[in-house]
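Trainee: I'd like to learn how to read a structure feature by feature. Can we go through one together?

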Amino acid sequence: MLNKAYKVLVKEDLRKDYDASIGQMRLHVGRNGLDSARYSSWNGPLRPQALFVDENACIGCRECVHHASNTFVMDEAMGCARVRVQYADNDEKLEVSVESCPVNCIHWVDREELAVLELLIQPQPKKGHGVFGGGWERPANVFIAAKAFNKQQLNQQSEAEYQRNAQSAVEKETPAQAEARVNASKKIERERFSGIWNFFEQVFHPNM
């Protein structure tokens with residue numbers, strides 16, 4: 001089992017497929033208390049597209065759950081539906097579920113976008129002010145928030161890469177490197193002096 005797990009996790013493409021298959025989000029975004037059960041898992045082979053419910057727009061009509069109960073589930077605490085297992089029902093039932101939504105809150109999205117959307121749609125604690133405020137909140141538009149999130153991640157990766165390159169450029173040389181540099185400089189000086197001396201001997205002392 002360990003060897004099989006290693007073969008999957010050591011290869012980036014296989015690891016990405018595994019992450020998507022279990023519906024886990026492995027981005028460290030500094031948020032605590034995320035409920036991993038809210039991420040959808042996959043039934044069968046991965047497909048290019050996945051289903052996503054915009055819970056901000058969902059009115060809790062249960063139509064999707066009625067038509068495709070293996071794929072969709074009602075979150076009774078939040079009063080809205082979400083995807084529990086991708087493609088757990090046949091394609092016909094999924095199409096009926098999407099078309100039956102009265103507010104068009106069920107979307108087909110690219111598989112690579114799914115994890116970020118499911119992360120951002122999760123209710124987060126709202127900061128209170130004194131005895132007021134508190135509660136829970138989500139981004140008003142989860143798709144715009146996802147684009148901003150991805151852009152931020154890209155900027156952070158670029159900045160981290162720049163810092164690594166800058167650090168490598170100014171990294172202190174080891175004692176062995178310092179000694180080799182000094183010896184090389186001395187050798188260059190000796191060779192240059194020897195060349196100059198030979199030139200003067202040939203010019204001023206041709207019979208030597």
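This is a predicted model: local features need pLDDT of at least 70, side-chain atom pairs count only at pLDDT 80 or more; totals for chains, interfaces and linings use all residues.

Trainee: Next, helices. What should I look for in one?

Mentor: Check which way its residues point. An α-helix has 3.6 residues a turn, so residues three or four places apart point the same way. The protein chain has seven helices and eight strands; let's pick helix α4, residues 91-100.

Trainee: Which residues of α4 are buried?

Mentor: L94, S97 and V98. They span an arc of only 95 degrees around the axis, which means they sit on the same side of α4. The exposed residues E92 and E99 are on the face turned away from that buried side.

Trainee: What covers the buried residues of α4?

Mentor: The cover includes strands β2 (49-53), β3 (72-75) and β6 (106-110), along with helix α3 (63-67). As for contacts in the whole protein chain, among those with a separation of 6 or more, 61% are between residues 24 or more positions apart.

Trainee: And how do I read aromatic pairs?

Mentor: Look at the distance between ring centres and the angle between planes. The whole structure has three aromatic pairs. In one of them, Y87 and W108 have ring centres 6.0 Å apart and planes at 35 degrees, so the pair is tilted.

Trainee: Where do Y87 and W108 lie?

Mentor: Y87 is in the loop between β5 (85-86) and α4, while W108 is in strand β6, so the pair ties together parts 21 residues apart in sequence. Y87 counts as buried, at 8% relative accessibility, whereas W108 is partly exposed at 29%.

Trainee: Which residues do ring pairs link into a cluster?

Mentor: W42, Y87 and W108. Y87 has a charged neighbour as well: the charged end of R47 sits over the Y87 ring, 3.8 Å from its centre.

How values were computed. Residues are numbered from 1 along each chain as its sequence is written. Side-chain values use heavy atoms; hydrogens and water are left out. Helices (H or I, at least four residues) and strands (E, at least two) are DSSP runs, numbered from the N terminus. Contact means heavy atoms within 4.5 Å. Buried means under 20% relative accessible area, exposed over 50%, partly exposed in between (1.4 Å probe, protein chains only). The arc is that of the directions from the helix axis to the C-beta atoms. Rings of Phe, Tyr and Trp (its six-membered ring) pair if their centres lie within 6.5 Å; planes under 30 degrees apart count as stacked, over 60 as edge-to-face and the rest as tilted. A charge sits over a ring if NZ of Lys or CZ of Arg is within 6 Å of the ring centre and within 35 degrees of the ring normal.
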